[in-house]
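Notebook open, model loaded. I'm jotting down what I look up as I go.

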Amino acid sequence: MKVKILFVLLTISLAINAVIFYGLSKYDLVEKGSTQLPNTSLAADSLKLTENKVDIEAKVKSGYGYIYSLTDDQIMKAINEGKKDGAYFGEDFKLPLLSSTSNDSTFEYRDVFINTPYRFVAIHSSNQYTKYDRTSSIEEVWKFISYDHISFSAYVMRGWAKMLAIEMIQEGRIIQPYKTENNANGDMKSVNFSVNDIDFREPASLKIFEKSNPEKYAEYKIAFEDYVK
């Protein structure tokens, strides 16, 4: 009988410790702003737990805790903003230049944007309304919203995208993109960074440089909180 009681107490203790560890881990991720979240339906997922005949319901929202997560209202705001401008480009998401070591034409014509989910939704809405006279829906845009990465797009001189490289610098640490893409014309380069590599509470910079001559570069300021809409 004593062995059985000890076994039950040990089981309860392990369960409590597991819950505490999970809670602390989740708190740290939310504070950091880099939770890796599933790309699922906008509808709240319902978790129903039963213990000692007491039902416990917890409502969780996909994307909650991520700095650029969007509520239904925010998505509709982005959709309506895109509809108002037939050539919406999201100038509010343009990064300011910090410094440049080159004055030649390669670095003179360059705009760099942070691609938050809000910007993607507004651009999509603008395109759909301009081309097809249709208003995007929440369910439609949710299909391409992702919270596990953040991307940046650099618009450069035609043909130069493949000759340039991009990296992020935060608190003296270099963060490499896990995915890089150049468009067909070579005038746009896009890079994706995992949110788990970034502390969204701290400022960072995006450095763009020539692969053949890294001394020629331009650096752009990233204040992540400035792009929350």
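**Entry 1: Glu-140.** Leaving aside neighbours within four places in sequence, I find Glu-140 in contact with His-124, Gln-128 and Arg-134; contact means heavy atoms within 4.5 Å. Glu-140 sits in helix α5, residues 138–142. Helices (H or I, at least four residues) and strands (E, at least two) are DSSP runs, numbered from the N terminus. Buried or exposed? I get 17% relative accessibility for Glu-140, so it counts as buried. The cut-offs are under 20% relative accessible area for buried, over 50% for exposed and partly exposed in between, with a 1.4 Å probe and protein chains only.

A note on the ground rules: this is a predicted model, where local features need pLDDT of at least 70 and side-chain atom pairs count only at pLDDT 80 or more, while totals for chains, interfaces and linings use all residues. Residues are numbered from 1 along each chain as its sequence is written, and side-chain values use heavy atoms, with hydrogens and water left out.

**Entry 2: the whole protein.** I count 5 helices and 11 strands in the protein. Of its 229 residues, 37% are buried. Among contacts between residues at least 6 apart in sequence, 73% join residues at least 24 apart.

**Entry 3: aromatic rings.** How many aromatic pairs does a search of the whole structure find? It finds 12. Rings of Phe, Tyr and Trp (its six-membered ring) pair if their centres lie within 6.5 Å; planes under 30 degrees apart are stacked, over 60 edge-to-face and the rest tilted. Tyr-66 and Tyr-68 have ring centres 5.9 Å apart and planes at 85°, so I log them as edge-to-face. Both of these tyrosines are buried.

Next, Phe-89 and Tyr-155 make a tilted pair, 5.2 Å centre to centre with 55° between the planes. Phe-89 is in the loop between α2 (72–84) and β3 (97–100) and Tyr-155 is in strand β5 (residues 149–155), so this pair ties together parts 66 residues apart in sequence. Phe-89 has 34% relative accessibility, so I call it partly exposed.

I also see one aromatic cluster made of Tyr-66, Tyr-68, Trp-142, Tyr-147, Phe-200 and Phe-224.

**Entry 4: charges over rings.** Arg-119 lies over the face of Phe-89, 5.3 Å from the ring centre. Lys-207 has its charged end over the ring of Tyr-217, 4.3 Å from the centre. The rule here is NZ of Lys or CZ of Arg within 6 Å of the ring centre and within 35 degrees of the ring normal.

**Entry 5: second largest pocket.** I get a volume of about 150 Å³ for the second largest pocket. On a 1 Å grid over the protein atoms alone, a pocket is an open set of points with protein on both sides within 12 Å along at least five of seven lines, a cavity is a set where a 1.4 Å probe fits but cannot get out, and lining residues have an atom within 4 Å of a point. The pocket's lining includes Asn-115, Phe-120, His-149, Ser-151 and Asn-192. β5, β8 (179–182) and β9 (188–194) each supply at least two lining residues.

Ser-151 is buried, at 6% relative accessible area. Its contacts beyond four places in sequence include Phe-113, Asn-115, Phe-120 and Asn-192.

**Entry 6: cavity.** The largest cavity has a volume of about 50 Å³. Among its lining residues are Tyr-68, Gln-74, Tyr-118 and Lys-229.

Terms used: Grid points are joined across faces, edges and corners, and a volume is the space filled by probe spheres set on the points.
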